[in-house]
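Welcome to this short briefing. Please have a look at the chain below, and then we will walk through it topic by topic.

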Amino acid sequence: MEQDEGLTAVDNVVTQFNTYEDFLDSQITTVDLYYLEDESLARQLVELGYRGTGEVVKREDFEARKAAIEIAMLAERTQKKTLTSAGKDLQDNFLKALALREEDNRNGKVSMIKTKARTWSTMPQINCFYNWDSHIAVCNSTPNYQVIADNPEGLLFKYKRDRKILNVDPKTLPGDNSTRTPIQTELYIQAVIFDHISRRKT
């Protein structure tokens with residue numbers, strides 16, 4: 001527990017100051033400089049823990065943590081997330097169609113709803129299930145889509161970013177900025193992908 005608290009204290013100092021000298025200077029008062037008359041001596045006293053108004057942080061700890069944080073930030077900026085479909089030998093048309101859309105879905109260029117055997121779902125997860133025996137439908141909304149299940153014309157989805165309506169009824173047009181693509185697949189009786197391109201800037 002004490003080690004975690006020490007690391008948090010060092011992280012706070014490292015993120016607040018560009019250099020170790022900047023940190024030391026922040027601990028020196030004008031009174032210190034008046035009596036010592038030497039900025040270098042004042043810094044040494046703070047570094048040794050004899051003077052200062054805050055945490056004692058060793059130079060080695062500061063520089064090591066600063067380097068570690070900078071490396072982590074650089075890696076995060078330069079690392080490109082590997083697609084789930086990368087390197088997969090996809091044989092089925094439905095899986096190939098999903099793979100083609102994966103990157104655009106991840107970066108928000110396109111939002112997709114896929115239907116398969118009368119079950120609707122998106123990436124990440126929006127689900128609508130209809131029980132043919134009980135005639136009960138169950139739907140849940142997601143951060144991207146609001147499900148409109150009580151519409152007399154049938155099931156609709158409202159894309160939350162641009163508020164456009166997506167209609168999954170095969171007898172009507174899917175809506176503004178949306179396309180409907182039926183997919184021949186061995187995996188399901190029926191598969192359709194609805195792609196929606198948001199016009200609102202993110």
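Helices (H or I, at least four residues) and strands (E, at least two) are DSSP runs, numbered from the N terminus. With that naming, arginine 163 belongs to the loop between S6 and S7. Please keep in mind that this is a predicted model.

**Strands and their pairing**

- Strand S5 covers residues 145-148 and strand S6 covers residues 156-159; 4 bridges join them in the antiparallel sense.
- Across that pairing, isoleucine 148 has leucine 156 of S6 opposite.
- S6 also pairs with strand S7 (residues 165-167), again antiparallel, through 3 bridges.
- Phenylalanine 157 finds its bridge partner in S7, namely leucine 166.
- A hairpin is formed by S6 and S7, with 5 residues between them.

**Nonpolar cores**

- The largest nonpolar core counts 13 residues, and the members that touch the most others are Val13, Val14, Tyr20, Phe23, Leu24, Val57 and Phe62.
- Two or more residues of this core come from each of helix H1 (2-16), helix H2 (20-26), helix H4 (39-48) and helix H5 (59-78).
- A separate core has 10 residues, including Tyr159, Leu166, Val168 and Phe194.

- Serine 111 sits in strand S1, which spans residues 110-116.
- Why does serine 111 count as buried? Its relative accessible area is 4%, and the cut-off for buried is under 20%.
- The serine 111 side chain makes a polar contact, at 3.1 Å, with the side chain of tyrosine 145.
- Leaving out neighbours within four places in sequence, the contacts of serine 111 are Asn105, Asn144, Tyr145, Tyr159, Phe194, Asp195 and His196.
- Two of these names return from the 10-residue core: Tyr159 and Phe194 are among its members.

- Glutamate 103 is found in helix H6 (residues 93-106).
- With a relative accessibility of 37%, glutamate 103 is partly exposed.
- Glutamate 103 and lysine 81 are 22 residues apart along the chain, and their C-alpha atoms are 9.7 Å apart.
- Where H4 starts, a side-chain oxygen of aspartate 38 comes within 3.0 Å of the backbone nitrogen of serine 40.
- Just past H4, glycine 49 adopts a positive phi of about 90 degrees.

- As background, most residues other than glycine have a negative phi.
- Arginine 163 is not a glycine, yet its phi is positive, at about 65 degrees.
- Is arginine 163 buried or exposed? Arginine 163 counts as exposed, because its relative accessibility is 60% and exposed means over 50%.
- Asparagine 177 also has a positive phi, near 60 degrees, in a residue other than glycine.
- Where is asparagine 177 placed? Asparagine 177 lies in the loop between S7 and strand S8 (178-182).
- Asparagine 177 is partly exposed, with a relative accessibility of 26%.

Note on methods: Residues are numbered from 1 along each chain as its sequence is written. This is a predicted model: local features need pLDDT of at least 70, side-chain atom pairs count only at pLDDT 80 or more; totals for chains, interfaces and linings use all residues. Side-chain values use heavy atoms; hydrogens and water are left out. Two strands pair if DSSP finds at least two bridges between them. A nonpolar core is a set of buried Ala, Val, Leu, Ile, Met, Phe, Trp, Tyr and Cys residues joined through side-chain atoms within 4.5 Å. Buried means under 20% relative accessible area, exposed over 50%, partly exposed in between (1.4 Å probe, protein chains only). A polar contact is a pair of N or O atoms within 3.5 Å; within protein, one must be able to donate a hydrogen and the other to accept it, and residues adjacent in sequence count only if both atoms are side-chain atoms. Contact means heavy atoms within 4.5 Å.
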